[in-house]
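Trainee: I would like to learn how to read a structure like this one. Can we go through it feature by feature?

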Amino acid sequence: MSSDHSIRIAIIGGGLAGATLANTLLKHGHLDVNIFESALENGGPLTDVIERAGGVTMTSSRLCMASGPSAMSVLFDLAAEQRGKVVHRATLLAELLKPLDAAKKHTNKKLNRIDDAENGPIKLHFDDGTTFDADAVVGADGVRGFVRNHVLGKDDPAVPAKPAGFWDSRSLVPLQKAKELLGEEYFEVNRQYGWVGDGVFFMHDVLDGGETVQFVLCGMMDEEWGEGEWSKDLDRAAVEKAVETWTETPVKKSIIDVMLQSADLKAFTEQHHDRDAPTYSKGRVCIMGDAAHSMTPWQGSGAGQAIEDAMVLETLLEEFKTSGELTAAFKAYDQVRRPRTQKIVHSSYGTGLIMCGRGEGIGLDIDKIREALPGRWAFIYGQDQAEHKKEALAALKML
Ligand SMILES: Cc1cc2nc3c(=O)[nH]c(=O)nc-3n(C[C@H](O)[C@H](O)[C@H](O)COP(=O)(O)OP(=O)(O)OC[C@H]3O[C@@H](n4cnc5c(N)ncnc54)[C@H](O)[C@@H]3O)c2cc1C
């Protein structure tokens, strides 16, 4: 327990998960919240990259078939009114961290050791040789974070996030050139397009304030990917091979042309996911956000689940006025958050298979895709959050 008799919470990682938790815990006077970020600024390097990429708000999203008997048909449109609000990540992070006292925001602090004595404080060690004593630690340190090793034990097979089995490749093309290669009609409105192909998904949207088109080709890894291989150069033959089984359409030809606009086209296996972690907590240490449940991006749920983690942790930590029962709080958190987030990890993977035309029993059948896809988001968006908080408190009572 910290000297002023408040509970001293150390949050490791200043990304969306850590920043949201810090912000939400601030209103509870009995919690002394400190946040530690390895980067020079809270928010981490990823934020800068995404911000520099320059976002354009899409007015809608259209999913089409690129291969099979219904090639070139529209599967469905997601209209703008269904997309909710769009915020810039860096702005959101800055707003979340603004209310936190500057002395509680520790940047350039990379955690490298946790000494968790049974009695007394948990001692955190950082790369710069400094230490910090905490009553509880929340690892919000992302997909390659350190705290996950501590919670699961470094030998647990669930520790390293695994490549999910997809590769993706990006090509950035000036808008005018993209119009020439793909056709003017795809740029009449700011619309994101997704194309379900045979073993490969193709998407495009406009970046850089409208000047550049991002093309993404995403496929299933096959036996040509060696163990541990995480990137490959893609030449014309490789792109042609990726789409060789597709139905011949103008889009198939355009894909090859637009992807090869990139001088050094590469495919990466950066889509990782953490499946089946046996726990999200160990004593007074827990993990949240991507550190607990990194997932493929197919259902756009990673950030949303980090925010739900923060909501449940706040609900539970609010209950305690002393540090003695923190273990119970984190156990209850694990009990309610793990099943839900792991279900989404699996669902997101399955959605990726469908988007790549490889859904089991679905393939490239347009009617089956129309039936299978929309419902996959219902359990994510349909959750009653007030009930979820009650569930967490009920779990706590049962311990
Ligand atoms: C291109 C892309 C698109 C996405 N689109 C969506 C979407 O549409 N919807 C959605 O919900 N989600 C989306 N996601 C997922 C979402 O961005 C992540 O799930 C979310 O940002 C995870 O936040 P986090 O705070 O858990 O992890 P991170 O953002 O990775 O933050 C972890 C932080 O911990 C720090 N750190 C790491 N190790 C240490 C250490 N040892 N000591 C101290 N600090 C450390 C890092 O520097 C970093 O700042 C997308 C992700 C990407 C990459």
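Trainee: Is Met72 buried, partly exposed or exposed?

Mentor: This is a predicted model, so everything here is computed from it. Met72 has a relative accessibility of 32%, so it counts as partly exposed. It sits in the loop between strand S3 (60-65) and strand S4 (74-78).

Trainee: What is the backbone phi of Met72?

Mentor: The general idea is that most residues other than glycine have a negative phi. Met72 is not a glycine, yet its phi is positive, about 80°. Asn108 is another such case, with a positive phi of about 60°. Asn108 belongs to the loop between strand S5 (105-106) and strand S6 (111-116), and its relative accessible area of 46% makes it partly exposed.

Trainee: How should I read a pair of helices, and at what angle do H9 and H10 cross?

Mentor: Two packed helices are described by the angle between their axes and the distance between the axes. For helix H9 (residues 302-317) and helix H10 (residues 326-355), the axes come within 10 Å and cross at roughly 155°. Angles over 145 degrees count as roughly antiparallel, and H9 and H10 are therefore roughly antiparallel to each other. The crossing is right-handed.

Trainee: Which residues of H9 and H10 meet?

Mentor: On the H9 side they are Gln305, Glu308, Asp309, Val312, Leu313, Leu316 and Leu317. On the H10 side they include Leu326, Phe330, Tyr333, Val336, Arg337 and Ile344. The residues of this contact divide into 11 nonpolar, two polar and four charged.

Trainee: How are H1 and H9 oriented to each other, parallel or antiparallel?

Mentor: The axes of helix H1 (residues 16-25) and H9 cross at roughly 30° and come within 9 Å. H1 and H9 are therefore roughly parallel to each other, and their crossing is right-handed. From H1, the residues Leu16, Ala17, Thr20, Leu21, Thr24 and Leu25 take part, and they meet H9 residues including Ala303, Ala306, Ala310 and Leu317. By class, the contact of H1 with H9 has 10 nonpolar, two polar and one charged residues.

Trainee: Which residues touch the most other members of the largest nonpolar core?

Mentor: In soluble globular proteins, nonpolar side chains tend to be buried together. Here the largest nonpolar core has 60 residues, and Ile9, Leu124 and Met288 touch the most other members. H9 gives the most to this core, with seven residues. A second, separate core of 30 residues includes Phe202, Val206, Val213 and Val258.

Trainee: What does Met288 touch?

Mentor: Leaving out residues up to four places away in sequence, Met288 touches several residues, among them Ala17, Leu21, Val138, Ala306, Leu313 and Tyr333.

Trainee: How many residues of helix H7 are buried?

Mentor: Eight of the 10 residues of H7 (residues 250-259) are buried, so this helix is largely enclosed by the rest of the structure. Among the buried ones are Val251, Lys252, Asp257 and Val258. They pack against elements including strand S11 (166-174), helix H5 (175-182) and helix H6 (236-242).

Trainee: Is Ile380 buried or exposed, and where does it lie?

Mentor: Ile380 lies in helix H12 (residues 378-381). Its relative accessibility is 6%, so Ile380 counts as buried. Apart from neighbours within four places in sequence, Ile380 is in contact with Gln299, Ser301, Gln305, Arg340 and Ile344.

Definitions and conventions
Residues numbered from 1 in each chain as written. Predicted model: local features only at pLDDT ≥ 70, side-chain atom pairs only at ≥ 80, totals over all residues. Heavy atoms only, no water. Helix = DSSP H or I, 4+ residues; strand = E, 2+ residues; numbered from the N terminus. Buried < 20%, exposed > 50% of the residue type's maximum accessible area, 1.4 Å probe, protein only. Axes fitted to C-alpha atoms, helices over the stretch in contact; angles between N-to-C directions. Parallel < 35°, antiparallel > 145°, perpendicular 65-115°, else oblique. Left-handed = near helix turned anticlockwise from the far one by under 90°. Contact = heavy atoms within 4.5 Å. Nonpolar A, V, L, I, M, F, W, Y, C, P; charged D, E, K, R; others polar. Core = buried A, V, L, I, M, F, W, Y, C linked by side-chain atoms within 4.5 Å.
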